[in-house]
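Trainee: I've got a protein model open and I'd like to learn how to read it. Can we go through it together?

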Amino acid sequence: MTKVIAVANQKGGVGKSTSVFCIGAGLAREGKKVLLVDVDPQGDLTKMLGMRKPRELEYTICNGLDDAVSGIERSEHPEILSYHEGFDFISANGRLADVEVALVNVMSRETVLREYLNNVKDKYDYVILDCCPSLGMLVVNALSAADYVLIPVQADYLAAEDMTALIGTIRNIKRQINPKLEVGGVFMTMTNETNFRRDIIASVRENFGKSLPVLHTLIPYTVRLAEISTADKSIFLHDPNGRAAKAYGELVKEVCDIGEKQRVRSSELGR
């Protein structure tokens, strides 16, 4: 049973695209069949995966969304590409911003991405959605399509404060559109050993840990991790013995645990 994960936070610069890349690569290393989907008009994930000029791409997630709006089901999906670390991906570019505007006038506009993914996800164990830093229609679509959400939070007071609006959006979508949606976990990014950072981590766990699952893994800030944006390889190949690779390996195990728990729960509920 495929699990669809949205990685979301309306604040930019918290490591969403980096985390999607590394989680996807890590799951592939565990033998999972993985599809990464860039749902951000900025195309940061697309660029990390070697597509340095996303505007020149002929096929992107826009093609899939256009097909879903038109009710077209295709047997061929040229927008799905293979990456050399063993997973597939769908790119995005600036045209996605135009698609988002157009969705406002589409019937069932909140579920267009879900309709598209329903046509392609069955061959995968995990589909991971890299959301744009907003709470607009693209993020609503991603949350409507997801089984659960992972929320990367930078170890910074303002970043932690911004979680409140996202949690409200998740709850509204769960109540109105996608009753199966859950928060899989909050995880901290760009951590280090300063007292300030430790205070932030403790604050997030204290303020949100009672109502949301806060994952144990802490993703450190390292120069080697920052380098993967142009290295054309994940941290597992770029710096396999470094702290960041170890941390993302631990995070992947937590993601697998979440997926297994959800599969058991879904099976018990007869979904």
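Predicted model: local features only at pLDDT ≥ 70, side-chain atom pairs only at ≥ 80, totals over all residues.

Trainee: How many of the six residues of β5 are buried?

Mentor: Buried means under 20% relative accessible area. In strand β5 (residues 126-131), six of the six residues are buried, so the strand is largely enclosed by the rest of the structure. Check both faces: Tyr 126, Ile 128 and Asp 130 are on one side, while Val 127, Leu 129 and Cys 131 are on the other, and all are buried.

Trainee: Is Thr 2 buried or exposed?

Mentor: Thr 2 has a relative accessible area of 11%, so it counts as buried. You'll find Thr 2 in the segment before β1.

Trainee: Which backbone oxygens does the side chain of Thr 2 reach?

Mentor: For this, look at distances between polar atoms. A polar atom of the Thr 2 side chain lies 2.9 Å from the backbone oxygen of Lys 121, and the side chain also reaches the backbone oxygen of Tyr 124 at 2.7 Å. Setting aside neighbours within four places in sequence, the contacts of Thr 2 include Val 127 and Asp 147.

Trainee: Which side chain meets Asp 147 in a salt bridge?

Mentor: Here you look for a nitrogen on one side chain and an oxygen on the other. Lys 180 is the partner of Asp 147, at 3.2 Å from N to O. This pair links distant parts of the chain, 33 residues apart: Lys 180 is in the loop between α8 and β7, and Asp 147 in the loop between α6 and β6. Lys 180 is partly exposed at 29% relative accessibility, whereas Asp 147 is buried at 5%.

Trainee: How many salt bridges does the structure hold?

Mentor: Six. Another one joins Asp 66 and Arg 95, with their closest N and O atoms 3.2 Å apart.

Key
Residues numbered from 1 in each chain as written. Heavy atoms only, no water. Buried < 20%, exposed > 50% of the residue type's maximum accessible area, 1.4 Å probe, protein only. Helix = DSSP H or I, 4+ residues; strand = E, 2+ residues; numbered from the N terminus. Polar contact = N/O pair within 3.5 Å; in protein donor to acceptor, adjacent residues only side chain to side chain. Contact = heavy atoms within 4.5 Å. Salt bridge = Lys/Arg side-chain N within 4 Å of Asp/Glu carboxyl O.
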